Amino acid sequence: MKVTVCIRRVARRCAWSALLSGTALAEAEEDIRDIRGPKTVPGSWVLTAVLAGAIAVALCTYAVWRRRHRHSGTRRRSLTLSEQALERLENTRPLMSPATAREFGIAASEVIRNYIEKRFGVVATQRTTEEFLQTLLQGSNETLARHRALLEEFLRQCDFVKFAGASLAVTDMESLFQSARGFVLETGEAPAA
């Protein structure tokens, strides 16, 4: 009887052992299987829909903002060259006092020389008044030639104030200002529509 009990015990152990090794074999086979595709998680479409909605709202908000910004009338038309010169010339008005006569002469002369250079394609800022006036005599620009006397008087007065240190009365500076303004108005291009 003792032998039978022992045999039964050994048989049970072998059966358990076989069962356990079979499970281990099955697990090992499952480990070796090929890669499987992604598994869908229930409710994952909700996150995608929320993100798509947020992007759509952001794009609509941006489109509305651009439309309002474009049509708000904040864009100024670009100024013509003569309008720019007149604006810069107007900015010299605060310098029209005997104490700042030299600064006024320098600023007004610079505005007119830059205007001539850009408007007529004549080098005016890198030349002395004499060189510039000589170029006018030799040049073929009729508009500038017509205004030669006015330009000569204007530039000589500015040079007198700049280099000789002379002081001008306010009425003389006003006269210089008006002659420069008149020159720009007479020679300016037609305003853009």
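Let's start with Ser 109. Is Ser 109 buried or exposed? Ser 109 is buried, because its relative accessible area is 1% and the cut-off for buried is under 20%. One caution before I go on: this is a predicted model.

Where does Ser 109 lie? In helix H4. Which residues does Ser 109 touch, leaving out those up to four places away in sequence? The partners are Phe 154, Leu 155, Cys 158 and Lys 162.

That takes us to the packing of H4 on H7. Helix H7 covers residues 148–164. The axes of H4 and H7 are 8 Å apart, and the packing angle is about 145 degrees. The crossing of H4 and H7 is left-handed. On the H4 side, the contact uses Ala 101, Arg 102, Gly 105, Ile 106, Ala 108, Ser 109, Ile 112, Arg 113 and Ile 116. On the H7 side, Leu 151, Phe 154, Leu 155, Cys 158, Val 161 and Lys 162 take part. So what is the split by class? For the contact of H4 with H7, count 10 nonpolar residues, 2 polar and 3 charged.

Let me step back to the whole chain. How many helices and strands does the protein chain have? There are 8 helices and 0 strands. Along the sequence the pattern reads α-α-α-α-α-α-α-α. The chain has 193 residues, and buried residues make up 23% of them.

Helix H8 spans residues 170–187. The axes of H7 and H8 come within 10 Å. They cross at roughly 140 degrees, and H7 and H8 are therefore oblique to each other. This crossing of H7 and H8 is left-handed too, as with H4 and H7. From H7, the contact takes Leu 150, Leu 151, Phe 154 and Gln 157. From H8, it takes Leu 176, Ser 179, Ala 180 and Phe 183. By class, the contact of H7 with H8 has 6 nonpolar residues, 2 polar and no charged.

Keep an eye on Phe 154. Phe 154 is in the contact of H7 with H8. Phe 154 also touches Ser 109.

On to H8 and its other partner, H3. Helix H3 runs over residues 81–90. At what angle do the axes of H3 and H8 cross? At roughly 170 degrees, with the axes coming within 9 Å. That makes H3 roughly antiparallel to H8, because the cut-off for that class is over 145 degrees. H3 brings Ser 82, Ala 85, Leu 86, Leu 89 and Glu 90. H8 brings Phe 177, Ala 180, Arg 181, Val 184 and Leu 185. The classes in the contact of H3 with H8 are 7 nonpolar, 1 polar and 2 charged.

Last topic: salt bridges. How many does the structure hold? It holds 3.

Take Glu 110 and Arg 88. Their closest N and O atoms are 3.6 Å apart. This pair links distant parts of the chain, 22 residues apart. Glu 110 sits in H4, residues 101–120, and Arg 88 sits in H3. Glu 110 is partly exposed at 43% relative accessibility. Arg 88 is partly exposed as well, at 33%.

The other two bridges involve Arg 93. With Glu 90, the closest N and O atoms are 2.8 Å apart. With Glu 174, the N to O distance is 3.1 Å. Arg 93 lies in the loop between H3 and H4, and Glu 174 lies in H8, 81 residues apart. Which residues do the shared partners join into one network? Glu 90, Arg 93 and Glu 174.

And the accessibilities there? Arg 93 has 31% and counts as partly exposed. Glu 90 is partly exposed at 36%. Glu 174 is partly exposed at 26%.

Terms used: Residues numbered from 1 in each chain as written. Predicted model: local features only at pLDDT ≥ 70, side-chain atom pairs only at ≥ 80, totals over all residues. Heavy atoms only, no water. Salt bridge = Lys/Arg side-chain N within 4 Å of Asp/Glu carboxyl O. Helix = DSSP H or I, 4+ residues; strand = E, 2+ residues; numbered from the N terminus. Buried < 20%, exposed > 50% of the residue type's maximum accessible area, 1.4 Å probe, protein only. Axes fitted to C-alpha atoms, helices over the stretch in contact; angles between N-to-C directions. Parallel < 35°, antiparallel > 145°, perpendicular 65-115°, else oblique. Contact = heavy atoms within 4.5 Å. Nonpolar A, V, L, I, M, F, W, Y, C, P; charged D, E, K, R; others polar. Left-handed = near helix turned anticlockwise from the far one by under 90°.
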